Amino acid sequence: MKLLLAFLLAGLLTIGCWSRPAVNPNYDFSTVGTIILKPVYDHADMTGSGEIIESNLSFIFMKYGYDVSQTTEEGTFIHLGNVDTRTLNLVCTITEFTDSEVIIVPYRLEDRGRTETTVTQLSESDAKENQAGATTSTITTAYAGSVQESGRIEYTRARVGIILKMTDQRTGHLVWSHSYWYSGLELHRTTEACVRNAISQVRKLFQ
Amino acid sequence: MNLYKSIRLMKKLTIFFFYGILLAGSGTALEMAAAAMKAGLFREALVHVDIAQAQDRTNAEVYRLKALLHEAIDEPNKAVQAWQSCLENTQDNALKNEAKVHIQSLQGRE
C-alpha cells in the first residue's frame with residue numbers, strides 16, 4: 001500500500017513538473033534591462049531555418065510590445081524598459097524543422113453486405129403465356145457482409161522544435177532554459193506557434 | 001417502349017446510388033479528405049473527416065487530423081475539442097503528449 005502511494009506521488013510530481021522551464025531561483029529578473037537575441041543557426045535539414053526562427057522571435061517580441069532593434073551584428077536587442085543595466089544573452093537552437101513528417105491514419109473498412117435486385121421485363125408473348133398475367137419478373141440475391149478489412153491514408157505535417165537558453169552576459173551563468181515543439185499542417189504557422197509559446201514563457205519572467 | 005427503358009434506367013441508377021452510399025465507409029471519406037488536403041482545401045477536407053469520424057468514433061488519429069485541420073483554418077475552440085477527444089481515445093503516450101501540448105498552447109492564446 002505504501003509502495004503504491006509512493007508510486008502515485010512520484011507520478012503526480014512528474015506530471016506537475018512536466019514541461020516546466022529550468023530557472024535559476026537566485027537570479028533577479030527584475031534587474032534585467034536588455035535581452036540580446038543571438039543569431040540562430042540553421043537546422044541541418046533546412047537551409048534558411050535559422051533566419052525564419054530568428055525573424056519569428058523578433059516578430060513575437062515586438063507583438064508583445066517590446067522595443068526591438070537590429071542595429072548591430074551582435075544580435076537583436078530587446079529592450080525591456082527597465083533602467084537597470086543587466087543584460088541577458090538569448091541563444092536559440094533548432095532541434096527539429098520539417099514540413100514532411102508522414103502521419104499514417106489507419107481505418108476499418110466494414111463490408112456491410114449488399115442486395116442485388118434484377119428486374120426483367122417480359123415480352124408480350126411471354127406475358128400472355130403467364131397465367132398470372134405478370135409482365136415483370138424479379139430476382140433478389142442477398143450477399144452477407146462479414147470480413148472487416150483495414151486500410152490507411154497518409155498525410156504530411158510540419159514539426160518545429162527549439163531550445164532556448166538565457167545566460168547573464170556579465171557572469172556567464174545560465175539563468176533560464178526550456179525546450180518547445182509544435183506540430184501543424186503548415187510550416188509557417190507551426191513555426192509561429194512554437195515561437196509564440198516559447199516567448200510567452202519568457203515574458204512571464206519579466207512581469 | 002421508350003418509357004419502359006427510361007423506367008429501367010431510373011431503377012438502375014437508384015440501385016447504384018444506394019449501393020454507393022452503402023459502400024462509402026470511413027476509408028472512402030478519409031481518402032477524399034487526404035486528396036483535399038493535398039490540394040490545400042482544408043475546409044473541404046474537414047467535411048470528409050467529419051463523415052469518417054461519424055463512422056468510427058474511437059479512432060484517435062482521425063481526431064488528431066481533425067484538430068490539425070481546425071488549427072489550420074484558425075478555429076482554436078473546435079481544435080481544442082478535437083484534441084480532447086483524441087486524448088480520450090488513445091493509449092499512445094506520444095499522441096497524448098502532442099494533444100496536451102496543443103491544448104495548452106491553444107488555451108493560452110491571447
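Helix 5 of chain B crosses helix 6 of chain B in a left-handed sense. The model is predicted. Two packed helices are described by the angle between their axes and the distance between the axes. For helix 5 and helix 6 of chain B, the packing angle is about 155° and the axes are 9 Å apart. Helix 5 of chain B is therefore roughly antiparallel to helix 6 of chain B, since angles over 145 degrees count as roughly antiparallel.

On the helix 5 side of chain B, the residues that meet helix 6 are B:P76, B:A79, B:V80, B:W83, B:Q84, B:C86 and B:L87. Their partners in helix 6 of chain B are B:L95, B:K96, B:A99, B:H102, B:I103, B:L106 and B:Q107.

Helix 5 of chain B covers residues 76-88, which is 13 residues. From its first C-alpha to its last, helix 5 of chain B reaches 18 Å, close to the 18 Å expected at 1.5 Å a residue.

Buried positions in helix 5 of chain B are B:A79, B:A82, B:W83, B:S85, B:C86 and B:L87. The buried residues of this helix pack against two helices of chain B, helix 4 (60-72) and helix 6 (93-107).

## Confidence

The average pLDDT of chain B is 84, and 77% of its residues score at least 70. In residues 16-24 of chain B the pLDDT is below 50. Beyond near neighbours in sequence, that stretch has four contacts in the model.

For the complex, the predictor gives an ipTM of 0.76 and a pTM of 0.74.

How values were computed:
Residues numbered from 1 in each chain as written. Chains lettered and ligands numbered in written order. Predicted model: local features only at pLDDT ≥ 70, side-chain atom pairs only at ≥ 80, totals over all residues. pLDDT = per-residue confidence, 0-100. Contact = placed C-beta atoms within 7 Å. Helix = DSSP H or I, 4+ residues; strand = E, 2+ residues; numbered from the N terminus. Expected span 1.5 Å × (residues − 1). Buried ≥ 20, exposed ≤ 12 C-beta atoms within 10 Å, placed from the backbone. Axes fitted to C-alpha atoms, helices over the stretch in contact; angles between N-to-C directions. Parallel < 35°, antiparallel > 145°, perpendicular 65-115°, else oblique. Left-handed = near helix turned anticlockwise from the far one by under 90°.
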